[in-house]
Amino acid sequence: MGLGVGRAAVVKRRSLGRAGAAFLVAAGLVLTGACGGDSGSEGGGGDDLTVGVLLPGGGASRFGQFDRPLIEKRLKELCPGCPAATVAATAEPAVQRQQLDAMITRGVDVLIVAAVDPKALRSSVEAADRADIPVVAYDRLAQGPISGYVTFDGDTVGRLQAEELLKAMGDKADSGQIVMMNGAATDPNAGWYKRGALAVLEGEVKIGKSYDTVGWRPENGYVNMSGAISALGAENIDGVLAANDSLAGAVVSALNASAVRPLPPVTGQDADLAAIQRIVQGSQHMTIYKPFEPAADAAAEMAVALGRGEEVDSIATGTVDSPTDENIPAVLLPSVAVTVDNIEETLVKDGMYTIDQICTPKLRPACDKAGLTP
């Protein structure tokens, strides 16, 4: 979800005509098997194609719940005879580097990598290049020789968050004060979101405190938000731009722990189920919905094409530059702002969640008020 580390990456766009070709990140997944062609062919030419996939999270994370199963599904469609073997996802850069190196040693034909730390993974990406293994960057643009990139336009994400926050602040948007709970400084996406948000916020509101949350960890966000409340005073915080839903949850917890009432509007990203329930409840104002299926499809298409020795220009919608490479074929996908007013027409309509999943018995009155009925 981001471009560049230490400098803004350059995005060169084509039309979004093939934005539906997407790519999914499976939790350290390796698929091995026949992907078309004659059974006597060597790997990489079409047969016995092996795709290694590395994710920065599994289980209850967005990557575990959505990206992984979607990538697995699309790769199976493209390679019907490929059995899947999965490796545990990790949030630790050193562990991910070891996993990637192990896949290189194993001799995979192509890699799909959502980097935990794009800069720290550079040496392994360079090792893959020396072994003639193309790397498709997913969600986050790893440094080094990348052959393709699939993500959601981070500038749009940040702008949507900021615009919705200002709307929710109402009259206070003219002279109010906010806290920015940004993502990790090691994640280029975090800087991308921040730049997009600041393009909207600067000159409109005062930014009382701004934090780059180490590791995107909610516990760090909680500590930061508690510090902001102590430093600024609860009554002087008119809104919080939280970069994703995990941080939004930490922000809301810190506000509740300090008995802040009424709660200021809080933004988010990723459309986590807990966040949607907070939106229905009224403790979080909005989130960013990124339709993961088109992203998963594009990544899988890129990976299979590269594994077969084909170009990916027909899949890409533009190119990006990283701090280490230029003109990387890329698919940049759009996002949608979700508030209580459009949950049904976005998330429910797309099949991401059912109303029954969102509306627990405890939330039934709030769901009825929001018009969310089975």
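Salt bridges, counted where a side-chain nitrogen of Lys or Arg lies within 4 Å of a carboxyl oxygen of Asp or Glu, come to 17 in this structure. The structure is a predicted model, in which local features need pLDDT of at least 70 and side-chain atom pairs count only at pLDDT 80 or more, while totals for chains, interfaces and linings use all residues. Residues are numbered from 1 along each chain as its sequence is written, and side-chain values use heavy atoms, with hydrogens and water left out.

One of the salt bridges joins the side chains of Lys 73 and Glu 77, at 3.1 Å from N to O. Because these two residues are four apart in helix α1, about one helical turn separates Lys 73 from Glu 77. Side chains of opposite charge can pair when their charged atoms come close. Helices (H or I, at least four residues) and strands (E, at least two) are taken as DSSP runs and numbered from the N terminus.

**The parallel sheet and its helices**

An open sheet is built from three strands in the order β9-β8-β10, with parallel pairing; two strands are said to pair if DSSP finds at least two bridges between them. At the edges stand β9 (206-212) and β10 (239-242), each of which pairs on one side only. From one strand to the next, the twist averages 15°. Strand β8 (residues 177-182) is joined to β10 by four bridges in the parallel sense, and Met 180 has Leu 241 of β10 as its bridge partner. Strands of a sheet pair through backbone hydrogen bonds, either parallel or antiparallel.

Helix α4 (residues 154-169) lies across β8 and β10, at about 165° to β10. Helix α5 (residues 188-201) lies across β8, β9 and β10, at about 170° to β8. Axes are lines fitted to C-alpha atoms, for helices over the stretch in contact, and angles run from 0 to 180 degrees between N-to-C directions.

**Cavity and pocket**

Both spaces are found on a 1 Å grid over the protein atoms alone: a cavity is a set of points where a 1.4 Å probe fits but cannot get out, a pocket is an open set with protein on both sides within 12 Å along at least five of seven lines, and lining residues have an atom within 4 Å of a point. Grid points are joined across faces, edges and corners, and a volume is the space filled by probe spheres set on the points. There is one cavity of 30 Å³ or more.

| Largest pocket | about 630 Å³ | α1 (62-78) and α5 |

Of the 28 residues lining the largest pocket, Pro 56, Arg 140, Gly 215, Trp 216 and Asn 244 are the closest to its centre. The lining of the largest cavity includes the bridge partners Met 180 and Leu 241, and α5 supplies its largest share, four residues.

**The loop between α7 and α8**

The loop between α7 (245-257) and α8 (273-281) holds Pro 262, and the peptide bond from Arg 261 to Pro 262 is cis, with omega near -5°. Asp 270 lies in the loop between α7 and α8 as well, and its phi is near 105°, a positive value in a residue other than glycine. Most residues other than glycine have a negative phi, and most peptide bonds are trans.

Conventions
Contact = heavy atoms within 4.5 Å.
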